[in-house]
Amino acid sequence: MSQSRSYDAIVVGLGAMGSATLFHLARRGLKVLGLEQYIAGHALGSSHGDSRIIRETYFEHPLYVPLVQRAHELWRELERIAGTPLMKITGGLMIGPPEGTVVSGTLRSAREHLLPHEVLTPAEVHRRFPAFDLASNLVAVLDPRAGYLDPEECNKAHIAAARAAGAEVRFEDPVVEWRAEGGEVRVRSSADAYAANRLVLAAGAWTSGLAHDVVLPLTVERQSVFWLEPGDERDSYAAEGFPIYAYEYKNGHICYGFPRLPRGVKASVMHSGETSSSAANVRRTVDDDEVEALRAALRPVLPRLADARVRERGVCLFTNTPDHDFIIDFHPLYPQVLISSACSGHGFKFASAIGELQADLLTTGRARFDVSPFRIDRWSRA
């Protein structure tokens, strides 16, 4: 690696977090390189599949609300830069028993941050959104700022904007090794050797394999998703009258879905898949019987959709921490290396803001949001 080409920063992995970080570094005037092991727009990771939910009344924890609010602003800014729509606001229904995690957590965030919201009975939900027919023991909290993002277009827009700002981008160029030497990092890929002052590891399900000399408590989860065809009721699933939703169908278990998209009406059960330590071990096919768990979960809220035929199916990857919060932290041994695993199945919506936040950390050592909940050592301190 003695003939390395030099950069201010190298970003490894050009999915949601990597592409956003590359853009925000490049727009600051840094000389940056983005490396991705697969082709642009590939479907082997976590940034494909035509839609990702964005919601403001965040039931997981109120700490995420300011981050998603900044993400809203930056997605709109990226739309203006790219000249293409990226985010569709449909409203969102957070559904479950009144005492459940989804409803109580949603209300906690809404009240703590004074967010607009409505609590709706099953009858009120059905009157406003006729496709929904909630069981009598359920309530819904309406988040008027919820909607969905187009992940492929978002990544494409971040990469195009990064290139326009001067970034170099190399696809189909996997990293073979990296090592920290003094104040810099040397990286060898399949095609070349590089040096940089900073390195960002944002490789999704491949992060653990790249982040040597530190044990990251990450597991790779296979998430199966389905696009359904609800027959003659097409209009009732259009975005104008059908919001995104998350439904706690049993304690701690959630299904979610979207309005009609070109591929169908997309739905899935959250965090229900097989797990492994490596993306290489993930089963990529979806069996016919896997949709039955989704049908059972949907039936108490969307009974007609629950019986719809499957039009398409697919697999994406979640890279989970034990607490399902993110990792955004510098390597404990190499302070010039930033590790970004900002996902656990709910990260894409934040990518625009996390890209900005990580660029701040890399250039100033500070971030506009509190990232202490995302430290690597939080499990050893527990």
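Author: Two strands pair if DSSP finds at least two bridges between them. Strands themselves are DSSP runs of E with at least two residues, helices are runs of H or I with at least four, and both are numbered from the N terminus. What you have above is a predicted model, where local features need pLDDT of at least 70 and side-chain atom pairs count only at pLDDT 80 or more, while totals for chains, interfaces and linings use all residues. Residues are numbered from 1 along each chain as its sequence is written, and side-chain values use heavy atoms, with hydrogens and water left out.

Reader: What makes strands β10 and β11 a pair?

Author: Six bridges join β10 (residues 175-181) to β11 (residues 184-189), and the cut-off is at least two, so they pair. They run antiparallel, and Glu-181 has Glu-184 in β11 as its bridge partner. The two strands make a hairpin with two residues between them, and Gly-182 in that turn has a positive phi of about 60 degrees.

Reader: How do you know that β4 and β8 pair?

Author: Same test: β4 and β8 (residues 147-149) share three bridges in the antiparallel sense, and at least two are needed, so that's a pair. Ile-89, for instance, stands opposite Gly-147 in β8.

Reader: Why are β3 and β4 called edge strands?

Author: The open sheet has three strands in the order β3-β8-β4, with antiparallel pairing. β3 (52-54) and β4 (87-89) each pair on one side only, and that makes them the edges. On average, neighbouring strands here are turned by 30 degrees against each other, direction ignored.

Reader: Which helix packs on that sheet?

Author: Helix α2 (residues 65-82), which touches β3, β4 and β8; touching, or contact, means heavy atoms within 4.5 Å. The direction of α2 makes about 120 degrees with that of β4.

Reader: Why is α1 called roughly parallel to α5?

Author: The axes of α1 (residues 16-26) and α5 (residues 151-164) cross at roughly 25 degrees and come within 8 Å. Angles under 35 degrees count as roughly parallel (over 145 is roughly antiparallel, 65 to 115 roughly perpendicular, the rest oblique), so α1 is roughly parallel to α5. The crossing is left-handed. In the contact, Ala-16, Ser-19, Ala-20, Leu-22, Phe-23 and Ala-26 of α1 meet Asn-155, His-158, Ile-159, Ala-161 and Ala-162 of α5. By class that's eight nonpolar, three polar and no charged residues.

Reader: Is Ala-203 buried or exposed?

Author: Buried means under 20% relative accessible area, exposed over 50%, and partly exposed in between (1.4 Å probe, protein chains only). Ala-203 has 13%, so it is buried. Ala-203 sits in the loop between β12 (193-201) and α6 (207-210). Leaving aside neighbours within four places in sequence, Ala-203 contacts Val-12, Gly-13 and Leu-210. The C-alpha atoms of Ala-203 and Glu-36 are separated by 8.3 Å, although the two residues are 167 apart along the chain.

Reader: And what is the phi of Glu-172?

Author: Most residues other than glycine have a negative phi. Glu-172 is not a glycine, yet has a positive phi of about 55 degrees. Glu-172 belongs to the loop between β9 (168-170) and β10.

Reader: What makes Glu-172 count as exposed?

Author: Its relative accessibility is 55%, so Glu-172 counts as exposed.

Reader: Where is Ser-344?

Author: In the loop between β20 (337-341) and α9 (351-364). Ser-344 also has a positive phi, near 55 degrees, in a residue other than glycine. At 1% relative accessible area, Ser-344 is buried.

Conventions. Axes fitted to C-alpha atoms, helices over the stretch in contact; angles between N-to-C directions. Left-handed = near helix turned anticlockwise from the far one by under 90°. Nonpolar A, V, L, I, M, F, W, Y, C, P; charged D, E, K, R; others polar.
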